[in-house]
Amino acid sequence: MTAYLLNLATLATIFGILAASLNLLIGYAGIFSVAHAVFFGLGAYAGAQVAMLLVPDVLLACLAGGAVAALLSLGLALPALRVRGEYFVAASLGLQMMAVTVFSEAHALTGGHGGLVGIPLPTLLGFDVSAQGVFLTVCLAVLALILLAIRMLMRGSFGRSLMAIRDSESAAEAFGKDVRQLKTLVVVLGCALAGVGGALFSFYMMFVNVESFTLEQSILIMAMVIIGGTATLAGPLVGVLLLLLLPAALSFLPFIPPTQIGAVQQFIYGLAMALLMIFRPAGIAGQSAGRR
Amino acid sequence: MSAPLLSVRGLDKKFGGLAAVQQVDMDLHPGVLTALVGPNGAGKTTLFNLITGNIPADSGEVLLDGASIRGRSPHHIARLGVARSFQDLRLFARMTVRENVLAAIEHTAWLWQPGGRSARRAREAAVEQALERTGLTAQANARAMDLAYAERKFLSVARILATGSRIWLLDEPASGLDLHSRARFVSLVRQAAAEGVTICLIEHNLDIVTELADRIAFLDRGAKLAEGDPQDILRDPELIGIYFGERRT
């Protein structure tokens, strides 16, 4: 039972990193990307390769995962941020579709459909951190650092500039904001953090393949942010707990047959999304009118 | 009159077959308040959009201090000291009043602003001063979306005021204001002009135009028909006829 709970907690922490990083884009900058799983995947493959070819150091793998995701996010940001709103969503959707194909076919880098297996046990500065509780502590520390950094940035001029762009792009430009540069910066930052999450994920699973980086995964991360609440630190974490723990909780309900859990889960997600959009469009813990 | 701070020369803009702005010349002088007057669809807001780089001109020139700014991006022109407001205000709705004003004066597109603590204090002082002059100090921590209509209008001016811009382009800033708020607005704009700010104002309320404007430029169908002293322009029966909907041939 303890191992099961530790497993859930570790996955929730990694998804917390993903949701917090996507919240930078959606919640603070108003950029809707449906390709976040791509950068999660890039970080995972880069981290795994570093661990397999060089040294299985968590710090090094996170840096490599973040750097690769950041670098390749420029491929999305530079052309796609010239367009607005729904066009960016379409561009990110295109990237997501393309990336799944590349992940499946680039055998030398990703292992293809079979994925990368045999990722060594993680170390941190020479110390073994592979025990479940210890690795969870490492993941929690990374999440805490990321949340702290996001909090500092969003309370400063960078955050205000992003929120200004989110609320009115033309007014932000009229007050001297270089909108394209700011958007590029936040996309690179958000994707880099997703890459860090990917590197941790690869160590935790000790195996990565394309199934973890599909459009469904991107939509799940987006749902975590939207349901939990945008533009707050707590919102995405609430979303993660709800969407990740819900399936686990349902499996404990004796009156739901195991074969029906998936259907019940989908029904609850759909109902929750619809009710939220009607009664609380900013999400459970998101900013609402008259309150911060 | 001193040399113009901002000049528009032969500015042209067509949207498909519609000539939105045609061969417009206009000079804005330091400390002078010019009102752009004309019926709906005259091209007044389009002229603002051309000056601020929001839409590209087909031909003509926009000169700031004698140097061309045509073709530059809106954020670059804003950093040169040309501030504008919008008819629909475009406030940063989910941010507080104080954040709205602070965001308006933070230009650097990097993770933090340069200049350290002293620059930050100067920005904070500019924000507090702008809030005080616009009567928004008590609402500083309210979100823009929660403000009353007149307060939103004053917030749109506070953002411009805090920037310290040399040129203000105000698009119907007093429309819909009650008499008390209107008087406060007139006083605020007069004070700015007295401090040397160059102001160009689009306004449909001719009482406000009469109260505020040093000069009037009259536009119709994209062309400037007249420019001069408010008394002369507003006494011209042909212009007034056009303004109130009697079409010229």
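Q: In which loop of chain B is Leu89(B) found?
A: In this predicted model, Leu89(B) is a residue with a positive phi of about 70°, although it is not a glycine. Most residues other than glycine have a negative phi. As for its place in the chain, Leu89(B) belongs to the loop between strand 6 (82–84) and helix 3 (97–105) of chain B.

Q: Does Arg90(B) count as buried, exposed or partly exposed, and why?
A: Arg90(B) is likewise found in the loop between strand 6 and helix 3 of chain B, and its phi is positive, about 50°, although it is not a glycine. A residue is buried if 20 or more other C-beta atoms lie within 10 Å of its own, and exposed if 12 or fewer do. Because Arg90(B) has 19 C-beta neighbours inside 10 Å, it counts as partly exposed.

Q: What is the distance between the end C-alpha atoms of helix 3 of chain A?
A: Helix 3 of chain A covers residues 58–80, and at 1.5 Å a residue its 23 residues should span 33 Å. This helix also has a kink of about 25°, centred on Ser73(A). The expected span agrees with the distance between the end C-alpha atoms, which is 32 Å.

Note on methods:
Residues numbered from 1 in each chain as written. Chains lettered and ligands numbered in written order. Predicted model: local features only at pLDDT ≥ 70, side-chain atom pairs only at ≥ 80, totals over all residues. Helix = DSSP H or I, 4+ residues; strand = E, 2+ residues; numbered from the N terminus. Expected span 1.5 Å × (residues − 1). Bend = angle between axes of the 7 residues up to and from the residue.
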